[in-house]
Amino acid sequence: MTSNQMEEKYYLDDAYTTAFRAKVLSCEKLLNGHFAVLLDKTYFFPESGGQLSDKGKILNVDVVNVREDDAGRVVHEVTAQVDGEVSCDVDWEARFDHMQQHTGQHVLTRAFIEIAGMPTVSFHMGDETCTIDLEGKGLGDQTINAAEDLANAIIWGNREVSARTVPLSRLKEDALRRSLPEGVTDARVVEIENFDAVACCGTHVKRTGELGIIKVLKHEKVKGSVRVHFVAGRRALLDYRDKHGVVKSLANRFTTSVDGILDKTEKLSKDAQLLRKELQKSIKRLAAFDKQRLLAEASTHKGRRFIVHLCEAGDESYLNLLASACKNEAGTIVFLGSKDGHVVCAASPEVSIDLATHVVGAAKEAGGGGGGKGDFARVTLPDSVDVREFLEKVSSYVKNAV
Ligand SMILES: [Zn+2]
């Protein structure tokens with residue numbers, strides 16, 4: 001960093017001032033209709049190092065994004081032109097949230113080094129949760145709990161978080177958690193009292209107690225590392241509130257206590273499994289009954305038994321089951337439809353007819369579609385088609401073809 005850049009970036013020395021006055025140095029129109037503003041000094045933090053950009057106002061104009069340009073200057077993207085001496089306001093609620101997540105990352109990263117010897121290789125701050133990618137192949141719940149416990153002990157110890165700029169010549173790089181990039185002349189070292197030190201240009205809380213709590217939400221393997229999702233501070237409160245709401249709703253719905261939810265869901269799951277089995281048995285019995293009825297009502301043509309029937313009830317899977325049962329009777333060709341536009345057709349193997357070509361072709365002509373092969377076809381018809389008429393029509397084609 002050069003001394004000039006350090007002077008204008010006031011957020012580096014003071015992360016808590018959010019209202020200030022500054023002079024607009026330039027205001028240039030962007031292709032998206034917004035304007036890029038340079039100020040003589042700023043407390044707006046530009047997106048970097050995984051920390052999200054600040055938002056806020058310059059005069060009454062929205063600051064929608066803040067970034068550093070290639071020359072290291074802080075560019076404020078605003079929605080309308082501004083000029084002269086201006087009052088500026090950083091959105092404190094969002095900034096403090098970012099400070100909690102970002103400082104929380106410092107704490108959690110060091111905790112995983114202490115507990116599991118796993119350094120962080122990257123950090124991402126999202127609008128709802130944050131992630132760190134840890135070097136390593138796996139992570140168990142016990143290790144996560146131990147790291148989480150250590151991180152929260154550091155938070156509740158209310159340790160000081162300090163930042164100082166140190167020339168490279170006076171810096172013991174070994175003491176830093178992460179090595180410095182090539183070519184830097186000095187480093188802004190952020191230290192958590194007797195716990196962690198790293199070069200960082202983000203915004204941090206003054207004491208770890210301001211984080212309140214940190215909670216790991218889940219972890220997953222990602223390209224040779226382990227991604228840990230976490231929330232800190234107010235986000236952890238909101239996460240707890242949401243999940244507590246879900247748990248309370250479940251307890252009310254199952255008329256049990258919060259502690260009884262697991263037993264209750266286990267019992268419901270077993271009951272549902274038994275009911276599914278009973279239902280399958282009943283459906284098979286019904287199909288056997290319907291099959292006998294349809295066989296009795298079937299017409300014959302050239303020695304073949306023709307069943308053409310619109311089912312009053314039953315879904316597509318029931319049509320499949322019934323059609324399969326009917327075609328097991330030698331010499332049978334069956335055409336079944338449901339009121340919601342499903343049609344299933346099947347023929348006994350020895351009938352030897354390309355049923356699928358007839359049925360799928362007719363369905364396509366009618367604006368529907370489907371598929372099948374040889375002695376079996378399954379199609380769906382649009383609402384405008386009368387299913388009974390379609391069954392009559394397609395069975396007539398087939399009668400002429402046998
Ligand atoms: Zn930092």
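This is a predicted model: local features need pLDDT of at least 70, side-chain atom pairs count only at pLDDT 80 or more; totals for chains, interfaces and linings use all residues.
Residues are numbered from 1 along each chain as its sequence is written, and side-chain values use heavy atoms, with hydrogens and water left out.

**View 1. Confidence along the protein.** The average pLDDT (the predictor's confidence in each residue, from 0 to 100) is 92, and 98% of the residues score at least 70. Over residues 1-7, though, pLDDT is below 50, and this stretch has nine contacts (heavy atoms within 4.5 Å) beyond near neighbours in sequence. Among the elements, helix 1 (residues 3-8) has the lowest mean, 48, while helix 3 (residues 141-156) has the highest, 98. Helices here are DSSP runs of H or I, at least four residues, numbered from the N terminus.

**View 2. Helix 2 from end to end.** Helix 2 (residues 92-116) has 25 residues and should span 36 Å at 1.5 Å a residue, so the 35 Å between its end C-alpha atoms agrees. That expected span is 1.5 Å times one less than the number of residues. At the start, a side-chain oxygen of Asp91 reaches to within 3.2 Å of the backbone nitrogen of Glu93. Just past the other end, Gly117 takes a positive phi of about 65 degrees.

**View 3. Helix 2 against helix 3.** These two pack at about 130 degrees with their axes 8 Å apart. Axes are lines fitted to C-alpha atoms over the stretch in contact, and angles run from 0 to 180 degrees between N-to-C directions. Residues making the contact include Leu108, Phe112 and Ile115 of helix 2, and Ile144, Leu150 and Ile154 of helix 3.

**View 4. Helix 5 against helix 6.** The axes of helix 5 (residues 261-297) and helix 6 (residues 316-327) come within 9 Å and cross at roughly 55 degrees. Among the residues that meet are Ile283, Leu286 and Leu294 in helix 5, and Tyr318, Leu322 and Cys326 in helix 6.

**View 5. Helix 7 against helix 8.** Back to the opening pair: in helix 7, Leu355, His358 and Val359 are among the residues that meet helix 8, whose partners include Phe390, Val394 and Tyr397.

Terms used: A polar contact is a pair of N or O atoms within 3.5 Å; within protein, one must be able to donate a hydrogen and the other to accept it, and residues adjacent in sequence count only if both atoms are side-chain atoms.
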